[in-house]
Amino acid sequence: SEPLRDLGYAPEVGLSEMVSSVLQAHEDRNQFTAAAFKAMDADGDGILTWEDIESHVTKRLMRGRTSSYVTGQAAIDLVMSKLMDELDTNKDGLVSWITFSDWYRNNSVEEVVKTIQASSLTAP
């Protein structure tokens with residue numbers, strides 16, 4: 001009756017259900033982020049290097065995605081420059097789990113690849 005009084009209607013989802021749903025969504029996102037990190041961390045040391053990320057981009061994301069303007073290694077270099085500019089915050093050539101997970105909340109490697117691909121298609 002308190003929600004009805006305060007809101008003018010009675011919500012169909014209770015607070016505990018809503019909190020549970022939010023916590024589950026957060027956990028799902030954490031697991032998805034951890035899987036993405038592990039897929040790139042070739043040696044499993046918990047740190048991503050340029051080589052780790054480049055290998056992932058090359059094997060999984062760039063196949064069939066080169067345009068007539070940017071091809072092969074040039075496309076990979078563009079993607080890698082953008083990724084490392086965003087991920088390597090202290091410019092030591094390494095990306096920690098913390099930095100990656102913070103970045104991955106609003107970004108993805110796939111989106112960077114798509115952005116580079118789209119910009120290369122519109123190049124003169």
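Two rings of Phe, Tyr or Trp (its six-membered ring) are taken as a pair if their centres lie within 6.5 Å. On that basis, a search of the whole structure, which is a predicted model, turns up six aromatic pairs. One of them joins Phe32 and Tyr104, with ring centres 6.0 Å apart and planes at 40 degrees, so this pair goes down as tilted. Since Phe32 sits in helix α2 and Tyr104 in helix α5, the pair ties together parts that lie 72 residues apart in sequence.

Phe100 and Tyr104 are four residues apart in helix α5, so about one helical turn separates them. Both are buried. Zooming out a bit, Phe32, Phe37, Trp97, Phe100, Trp103 and Tyr104 make up one aromatic cluster.

Then there is the largest nonpolar core, with 20 residues, where Ile53, Leu83, Phe100 and Trp103 touch the most other members. Helices α2 (15–40), α3 (50–61), α4, α5 (97–104) and α6 (109–121) each give two or more residues to this core, and α4 gives the most, with six. Leaving aside residues up to four places away in sequence, Ile53 touches Met40, Leu48, Met80, Leu83, Met84, Leu87 and Val95.

Helix α4 spans residues 72–87 and includes Ala75, which counts as buried because its relative accessibility is 3%. The C-alpha atoms of Ala75 and Gln117 are 7.8 Å apart, although 42 residues separate the two along the chain.

Note on methods. Residues are numbered from 1 along each chain as its sequence is written. This is a predicted model: local features need pLDDT of at least 70, side-chain atom pairs count only at pLDDT 80 or more; totals for chains, interfaces and linings use all residues. Side-chain values use heavy atoms; hydrogens and water are left out. Buried means under 20% relative accessible area, exposed over 50%, partly exposed in between (1.4 Å probe, protein chains only). A nonpolar core is a set of buried Ala, Val, Leu, Ile, Met, Phe, Trp, Tyr and Cys residues joined through side-chain atoms within 4.5 Å. Contact means heavy atoms within 4.5 Å. Rings of Phe, Tyr and Trp (its six-membered ring) pair if their centres lie within 6.5 Å; planes under 30 degrees apart count as stacked, over 60 as edge-to-face and the rest as tilted.
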